Amino acid sequence: MRRKLVVGNWKMHGSKAFIAELLGKVPRVALPAGADFAVCPPFVYLSWVEQLLAGSVIGLGAQNVALATQGAFTGEVAASMLRDCGCRYVIVGHSERRSLFGESNADVAGKTAMVLEQGLVPIVCVGESLAEREADATLGVIGAQLGAVMEVLKDCDWSPMVVAYEPVWAIGTGQTATPEQAQVVHAFIRERLAAVDANVAAGTRILYGGSVKADNAAALFAQPDIDGGLVGGASLNAEEFTAICDAAG
Ligand code: PEP
C-alpha cells in the first residue's frame with residue numbers, strides 16, 4: 001500500500017553540463033510505474049532542472065529550506081520559493097546540515113512544519129553517529145530526533161511527511177547498514193509515528209540512506225518497513241541511479 005520512493009541527493013555536485021549529461025542518460029518515463037522518483041539538485045539549478053524534467057516521471061526536490069517564510073535572511077530560500085520553482089520534495093535535517101551547519105532538532109522540526117505548510121513533502125532525515133551506535137544509543141538518538149519533529153507536528157496534518165533513516169556512519173563511506181540492521185530502526189520509527197497516529201504511520205514512507213548502490217538496493221527495499229532510498233553518491237551516476245530506481249519496482 002505504500003509506494004516506494006527513490007530520491008537522489010546531488011549535494012553540492014555538478015554543473016549545467018554534468019546535469020544535462022546525467023539526466024540525458026536516466027530514463028525519463030521508463031521507470032517502474034508503482035514507485036515515485038525525485039532528484040534534489042543544488043538550489044541554483046532547480047528551475048532549470050524543472051525544465052529538463054518536463055514530461056518525466058522524476059519529480060524535483062530541494063536539499064534544504066529556510067526556517068522563515070520571508071524577510072532579511074541573506075542567502076536563505078523559503079519553502080514558498082521552492083514550491084514556486086516546481087519542487088515537490090524538500091530534504092530537511094540531513095546529517096550534513098546538522099553536523100556542518102549546526103541544525104538542531106528544533107530547527108529541523110520548524111523547517112518540517114514550514115515545508116508542510118506550503119503543501120510540499122518534507123523528507124526528514126534522522127540517524128545516529130558511529131559512536132552513538134557503538135554506545136548502544138541508536139534508538140535513543142533517533143527517538144529524540146523524531147520526537148522533536150512530532151512534538152511540533154502532532155496537531156497538524158503530517159501525512160505527506162517522509163522520514164529517511166540515514167546512519168551517519170554509512171553516508172558516503174561505502175559502508176551500508178545491513179538490511180536487518182536498517183529494518184530494526186525503520187520498525188522503531190514506524191512504531192514511534194504510530195504512537196502519534198497509527199493510521200498515518202501505516203502509510204508513512206520511511207526511506208533508507210547510506211551508501212545505497214545498485215547491488216544492495218533490492219535487498220534493502222525488500223525489508224517490510226523500508227519504503228525506498230535517499231541516495232547520495234550513486235545518484236550522480238546514471239546507470240547506478242537507474243538500477244536503484246528499477247529495484248524499487
Ligand atoms: C545522502 O547524502 O543522503 C547519502 C545517503 O549519501 P550516500 O548515498 O553517498 O551515502
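In this predicted model, a polar side-chain atom of Lys-11 is placed 2.7 Å from an oxygen atom of the ligand.

| Residue | Part of the residue | Ligand atom | Distance |
|---|---|---|---|
| Lys-11 | polar side-chain atom | oxygen | 2.7 Å |
| Glu-166 | side-chain N or O atom | oxygen | 2.7 Å |
| Gly-232 | polar backbone atom | oxygen | 2.8 Å |

The protein buries 97% of the 290 Å² that the ligand exposes when taken alone.

**Residues around the ligand**

There are 14 residues around the ligand, and those that come nearest are Lys-11, Glu-166, Gly-172, Ser-211 and Gly-233. By class, the shell holds eight polar, four nonpolar and two charged residues. Lys and Glu count as charged, whereas Gly counts as polar.

**The interior cavity**

How many cavities of 30 Å³ or more does the model contain? The count comes to one. The volume of the largest cavity is about 30 Å³. Its lining is formed by Trp-10, Leu-22, Leu-23, Val-26, Val-39, Ser-235 and Phe-241. Six of these lining residues are nonpolar, one is polar and none is charged. The shell around the ligand, by comparison, includes two charged residues.

Notes: Residues numbered from 1 in each chain as written. Predicted model: local features only at pLDDT ≥ 70, side-chain atom pairs only at ≥ 80, totals over all residues. Heavy atoms only, no water. 1 Å grid on protein atoms, 1.4 Å probe; cavity = no way out; pocket = protein on both sides within 12 Å on 5 of 7 lines; lining within 4 Å. Points joined across faces, edges and corners; volume = space filled by probe spheres on them. Near = heavy atom within 4 Å. Polar contact = N/O pair within 3.5 Å; in protein donor to acceptor, adjacent residues only side chain to side chain. Areas by Shrake-Rupley, 256 points an atom, 1.4 Å probe, with all protein chains shown as cover.
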